[in-house]
Amino acid sequence: MVRQVEHNGFSGWLAYSFSLSRRTDASGLSYIPAQDRRHELNLVGSWRTSRYLFGARFGVSTGTPYTRVDGVYDRQRYDPLLDDWEYSDHGATRQYLLGPRNGERYPLAHRLDLSLTRIGRDGTARMTPYLSVANVYGAMNPAIYTFDYVGTVHERVGASNFRFLPTFGIRYVF
Amino acid sequence: MSSRATWALLALSLTGGCLDHTPLGPGADVVLVQAVLNPTRSVQHIEVRRSGTDLTGGVPVHGATVTLEAPDGAVHVASEVPSPSDPQGTANFVGRYDVAVGALTVGQPYHLRVVTADGTIAEGDAIVPATPPPQLMTERRFDPVKDTLRFAWPRATGARAYEVRLIPQPDSAGIVYTDPYGQVYYSGYTAPDFLAWVDTSVTIAGTARHHNGPLFQPGVRYVVIVSAVDDHYYDYFAHESDPYSATPLPSSLRGGAGVFGAIVPIVWQSIVVEGSTPGL
């Protein structure tokens, strides 16, 4: 980690971490848990002027491990009364053929957040309106994948978190 | 900032979650085998399919060599047979193979081996639990307001659990199910049957609810079957696969997916629920 204490209104730090995480389940299978963040880099900075405080944070990290779905099939139930397999909707349930546990990773995740704060005073109180925007450039970091093997078009659908999330508020300290 | 730009910004932020579609090839091509040994039957049914198609039901596997090796070493070869659901009685929609092995030996392993035409081998072993003679009970009337269904049975050697099935019979008055909204379903539909995994007894109140409606539908005849099941049957049917927690469905087969297990019905009773179904 490299840190710059405030100098001429600028402060910030650059941090990098490397970690390895493994777990073993009850059957003895060793796998990488979803919490594993192999590489993580964060760059944070703020600039202060007499009336404004500008902040920025850029982060990039290894994607989250996930388990790939390789296919689906119907599991029919056995009917001991009819001595046969049940093919109705009530008797069959869809099951998933899975790849190695957490054997895949989402793509590299990255995001830039910016904020701007107006420093002001209202008598003895301090009023600071602010605007911050998360994920400024709309990085589509997948939060989850779903797999669709039913029908003629097979596809993986990745759903990302908020693409662009502005927030606005006023802090009033007295 | 203009009001239009403000609303556009707000809408963009609220609908920011995006979907990314990536085409995939065909699903994994796996041999799926479903087979259970039922000692109350003289013929055992084995179903052989393949995954990896557009149909989740898979495609039937024809021309496979399916053998069942008994504990005494005798090898019985299964025959491919037409599906019971085929109106012509000739097509094998589900990859069905039947094998007649006579009386099954309890407590000792049977070996199932499936060899498909392309040489894929799926095999597994199963042991039939040693159960006491089944309790075959006479039909009884059941008042869901006053009555409670109670059964108990001795523990069976080799049984992992006991499956309780409450199966509505479509022969009861032509109707079989009233949904929570009062919609009556006539023959051709079946009420959702009830299934529970228990130990050596079960108690079901007449007022129990199932699928958001009464479990015991008035006027319907049900068959209650309690069966002792082995480890493989229980693991396969009492669990669900879940891609989000990376939980696969347990399979007792090597070289394929599915089940080769054993089930032995030990309690059997028909009940007729008093009352009549609305709409008749």
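## Basis of the description

Two strands are taken as paired if DSSP finds at least two bridges between them. Helices (H or I, at least four residues) and strands (E, at least two) are DSSP runs, numbered from the N terminus. The structure is a predicted model, in which local features need pLDDT of at least 70 and side-chain atom pairs count only at pLDDT 80 or more, while totals for chains, interfaces and linings use all residues. Residues are numbered from 1 along each chain as its sequence is written, and chains are lettered from A and ligands numbered from 1 in the order in which they are written.

Strand E16 of chain A (residues 155-160) is joined to E1(B) by five bridges, and the two strands run antiparallel. Within this pairing, B:Thr22 of E1(B) has A:Arg156 opposite.

The contact draws 47 residues from chain A and 50 residues from chain B, where two residues are in contact if their C-beta atoms, placed from the backbone, lie within 7 Å. On the side of chain B that touches chain A, at least two residues each come from helix H1 (3-14) and from strands E1 (19-23), E2 (31-37), E3 (43-50), E14 (161-169), E21 (221-229) and E22 (257-273) of chain B. E1(B) gives the most to this side, with five residues. The residues of this side of chain B divide into 24 nonpolar, 19 polar and seven charged; Ala, Val, Leu, Ile, Met, Phe, Trp, Tyr, Cys and Pro count as nonpolar, Asp, Glu, Lys and Arg as charged, and the others, Gly among them, as polar.

## Domains of chain A

Chain A is divided into domain 1 (2-65 + 105-173) and domain 2 (68-101), with bounds that come from an automatic or database domain assignment. The C-alpha centres of domain 1 and domain 2 of chain A lie 41 Å apart. Their contact takes five residues from domain 1 of chain A and four residues from domain 2 of chain A. On the side of domain 1 that touches domain 2 in chain A, five residues are nonpolar, with no polar and no charged residues.

## Three-stranded sheet of chain A

An open antiparallel sheet of three strands has the order E9-E8-E10 in chain A. Strands E9 (84-86) and E10 (92-98) of chain A stand at the edges with a single partner strand each, so one side of each has no neighbour in the sheet. The twist averages 45° from one strand to the next, with axes being lines fitted to C-alpha atoms, for helices over the stretch in contact, and angles running from 0 to 180 degrees between N-to-C directions.

Strand E8 of chain A (residues 69-79) pairs with E9(A) over three bridges in the antiparallel sense. In E9(A), A:Asp84 stands opposite A:Asp79 and A:Glu86 stands opposite A:Arg77. The hairpin of E8(A) and E9(A) has four residues between the strands, and A:Asp83 takes a positive phi near 55° there. E8(A) also pairs with E10(A), over seven antiparallel bridges, where A:Gln76 stands opposite A:Ala92. Nine of the eleven residues of E8(A) are buried, so this strand is largely enclosed by the rest of the structure; a residue is buried if 20 or more other C-beta atoms lie within 10 Å of its own, exposed if 12 or fewer, and partly exposed in between, with C-beta atoms placed from the backbone.

## Four-stranded sheet of chain B

In chain B, four strands form an open antiparallel sheet in the order E6-E5-E9-E10. The twist averages 20° from one strand to the next. Strand E9 of chain B (residues 109-115) is joined to E10(B) by seven antiparallel bridges, and B:Val114 has B:Ala122 as its bridge partner in E10(B).
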